[in-house]
Amino acid sequence: MFTGYARCAAQGDDEREQRAALVELGVPADRIFVDHGLTGTDREREGLPAALAGLSTGDTLVVTKLERLAWSVADLSHTVTKLEDRGVKLSFDGETYDAADPIGRKVFDILGTTFAEFDSGLIRLRTSGGVAKAKAEGKYRGRVLKLSPEQQSELFDRHQSGKYKIAELQSMYDLSMKAVYNYVDREKAARAAK
């Protein structure tokens, strides 16, 4: 029997997409458990324990991507150990792994061990997914610059005049030394492009 699990930032498109993908992977719609609005610090889940409680030997837990199942190496290791102890298969990215066969055993071993890149990789995946979605919706503009183009031009002119020390410019514009130089370089490039 297939049981699906989805972890979504909030109700809406993300949940609909994950539910549709899980159904496409063979999970009955009434066997999909969902957690909403969870962040890296808010880890109290109801959906995952409910999904795990309904699994028995030979069943398969299905997630669309591994990042939806775990927050960290420790979290993943804990969940994989629970699945393995109960003889439950794990399916992610469209592939099913059973700890009872040699390939599945190796995958479970790899997933159960700690490797430092996993945590940072999960963060990158979640962040890049969110940024890509925001860009597609026209909501992401990138880093907001502290100075307006006019202020940047003014800072550049003052810097070039030689009348102001970097410390004075830092104080005038409430910037770090590095930021002053970054704005000077940015304005120099903008003027060269004209």
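**Fold, cores and helix packing in the predicted model**

The protein chain contains 8 helices and 5 strands, where helices (H or I, at least four residues) and strands (E, at least two) are DSSP runs numbered from the N terminus. The structure is a predicted model, in which local features need pLDDT of at least 70 and side-chain atom pairs count only at pLDDT 80 or more, while totals for chains, interfaces and linings use all residues. Residues are numbered from 1 along each chain as its sequence is written, and side-chain values use heavy atoms, with hydrogens and water left out. Along the sequence, the elements of the protein chain follow the pattern β-α-β-α-β-α-β-β-α-α-α-α-α.

Of the 194 residues of the protein chain, 36% count as buried (under 20% relative accessible area, with exposed meaning over 50% and partly exposed in between; 1.4 Å probe, protein chains only). The accessible surface of the chain comes to about 11,700 Å², and 53% of this belongs to carbon and sulfur atoms; areas come from the Shrake-Rupley method with a 1.4 Å probe, and for residues only the protein chains shown count as cover. Among contacts (heavy atoms within 4.5 Å) with a separation of 6 or more, 65% are between residues 24 or more positions apart.

In soluble globular proteins, nonpolar side chains tend to be buried together. A nonpolar core is here a set of buried Ala, Val, Leu, Ile, Met, Phe, Trp, Tyr and Cys residues joined through side-chain atoms within 4.5 Å. The largest such core has 20 residues, and Leu61, Leu69, Leu83, Leu90 and Phe108 have the most contacts inside it. At least two residues of this core come from each of helix 2 (47-53), helix 3 (73-85), strand 4 (89-92) and helix 4 (102-112). Beyond its neighbours within four places in sequence, Leu61 is in contact with Thr3, Tyr5, Ala51, Leu52, Leu55, Leu69, Leu83, Val88, Lys89, Leu90 and Ser91. A second, separate core of 11 residues includes Ala179, Val180, Tyr183 and Val184.

Val180 lies in helix 8 and is buried, with a relative accessible area of 0%. Not counting residues up to four places away in sequence, Val180 touches Leu155, Ile166, Leu169, Gln170 and Leu175. The C-alpha atoms of Val180 and Phe156, 24 residues apart along the chain, are separated by 8.8 Å.

The axes of helix 6 (residues 149-161) and helix 8 (residues 177-193) come within 9 Å and cross at roughly 100°. Axes are lines fitted to C-alpha atoms, for helices over the stretch in contact, and angles run from 0 to 180 degrees between N-to-C directions. Helix 6 and helix 8 are therefore roughly perpendicular (65 to 115 degrees). The residues of this contact divide into 7 nonpolar, 4 polar and 5 charged; Ala, Val, Leu, Ile, Met, Phe, Trp, Tyr, Cys and Pro count as nonpolar, Asp, Glu, Lys and Arg as charged, and the others, Gly among them, as polar.

The axes of helix 7 (residues 166-173) and helix 8 also come within 9 Å, crossing at roughly 90°. Ile166, Leu169 and Gln170 of helix 7 meet Met177, Val180 and Tyr181 of helix 8, a set with 5 nonpolar, 1 polar and no charged residues.

Most residues other than glycine have a negative phi. Asp174, in the loop between helix 7 and helix 8, has a positive phi of about 55° and counts as exposed at 55% relative accessibility. Asp93, in the loop between strand 4 and strand 5 (95-97), has a positive phi near 55° and is exposed at 52% relative accessibility.

Terms used:
Angles under 35 degrees count as roughly parallel, over 145 as roughly antiparallel, 65 to 115 as roughly perpendicular and the rest as oblique.
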